[in-house]
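Thanks for coming. I will go through one structure, helix packing to begin with and then the contact between the chains. Please have the structure open on your screens.

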Amino acid sequence: MRYRVKTGFAAWLLMRATGLALTLYLVLHVWVLSHLADGPEAFDRLVRWLESPLARLFEAGLVAAVIFHTVNGLRVILIDFAGGARYHRPIFWLASAATAAGLIVFLWRLWPGLT
Amino acid sequence: MSVPATLPDAPAHPSRLRGALQGLLWLGQRLSALLIAVGLVLHLAAIHLTPGAGVSFREVAARLASPGWRAFEAAFLVAVTFHAVGGLRIIVEDYVTTPLLRRYVLLLLVILAAEVLALGLYTLASLPGA
């Protein structure tokens, strides 16, 4: 395969990367929830790990991946069905801005001491 | 560099059935995307924005004791798994060009997805109150 570095390429590559990350998260999510079968004590001990700083950092990445994949996915649909090819660059920057905004809001909520 | 008229891994005469299936999968990827976009808002609002909701056993089990929420999460999981497989399929087809190997990797992908789906649906079905 040959790569051409342009806006469309960046969108395509980020779509792939976030899609892969979200798929890994899906597997992890289903696996964690399958431990509901172990009962309240065991399950709560497992999800307490989600409050650790490392898990919170992963969560911030998850939020960013979800926002980018969603907004850029709408961009793809607009291009495919609504003649959005003309606006594909501004929509990519919108997706990127929305991702940054979501990340900032999440980190602010995560570390209120920063503000 | 000259561009070949047909890609080397594209069959010279793709069957009509295969073409129709590809079209359906393409459309299904977009339809499931829209369903997931709406479903995700509900999913996250129910868990993170609803007073008294959360991720502890008691909170999760309380919400999923409702048949409506359980049906919603089952449908949401089906849509997300379908969409994930659809995306991974495109990636596999981009990088795995050997026809036989591609077939086995795609088969493996479908089996793994079926396992994740089965685990999730089994979890939902065996919750207290289910």
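The crossing of α1(B) and α3(B) is left-handed; a crossing is called that if the near helix is turned anticlockwise from the far one by less than a right angle, and right-handed if clockwise. This is a predicted model, where local features need pLDDT of at least 70, side-chain atom pairs count only at pLDDT 80 or more, and totals for chains, interfaces and linings use all residues. Residues are numbered from 1 along each chain as its sequence is written, while chains are lettered from A and ligands numbered from 1 in the order in which they are written.

In chain B, α1 covers residues 16–49 and α3 covers residues 67–95. Helices here are DSSP runs of H or I with at least four residues, strands are runs of E with at least two, and both are numbered from the N terminus. The two axes come within 9 Å and cross at roughly 140 degrees. Axes are lines fitted to C-alpha atoms, for helices over the stretch in contact, and angles run from 0 to 180 degrees between N-to-C directions. The pair α1(B) and α3(B) is therefore oblique (under 35 degrees is roughly parallel, over 145 roughly antiparallel, 65 to 115 roughly perpendicular, the rest oblique).

Which residues make the contact? From α1(B) they include Leu25(B), Gly28(B), Ile36(B) and His43(B), and from α3(B) they include Phe72(B), Phe76(B), Val80(B) and Gly86(B). Contact means C-beta atoms, placed from the backbone, within 7 Å. By class, the residues of this contact are ten nonpolar, seven polar and no charged (Ala, Val, Leu, Ile, Met, Phe, Trp, Tyr, Cys and Pro count as nonpolar, Asp, Glu, Lys and Arg as charged, the others, Gly among them, as polar).

Now chain A. Helix α1(A), residues 7–34, packs on α3(A), residues 53–81, at about 130 degrees, with axes 9 Å apart. That angle makes α1(A) oblique to α3(A), and their crossing is left-handed. Among the residues that meet are Leu14(A), Met15(A) and Tyr25(A) in α1(A), and Leu62(A), Phe68(A) and His69(A) in α3(A). The classes for this contact are ten nonpolar, four polar and no charged.

Next, the contact between the chains. Chain A gives 20 residues and chain B gives 20 residues. On the side of chain A, α1, α2 (40–47) and α3 each give two or more, and α1(A) has the largest share, eight residues. That side holds twelve nonpolar, five polar and three charged residues.

Last, confidence. The predictor gives the complex an ipTM of 0.85 and a pTM of 0.84. Chain B averages a pLDDT of 88, pLDDT being the predictor's confidence in each residue, from 0 to 100.

Methods. Two residues are in contact if their C-beta atoms, placed from the backbone, lie within 7 Å.
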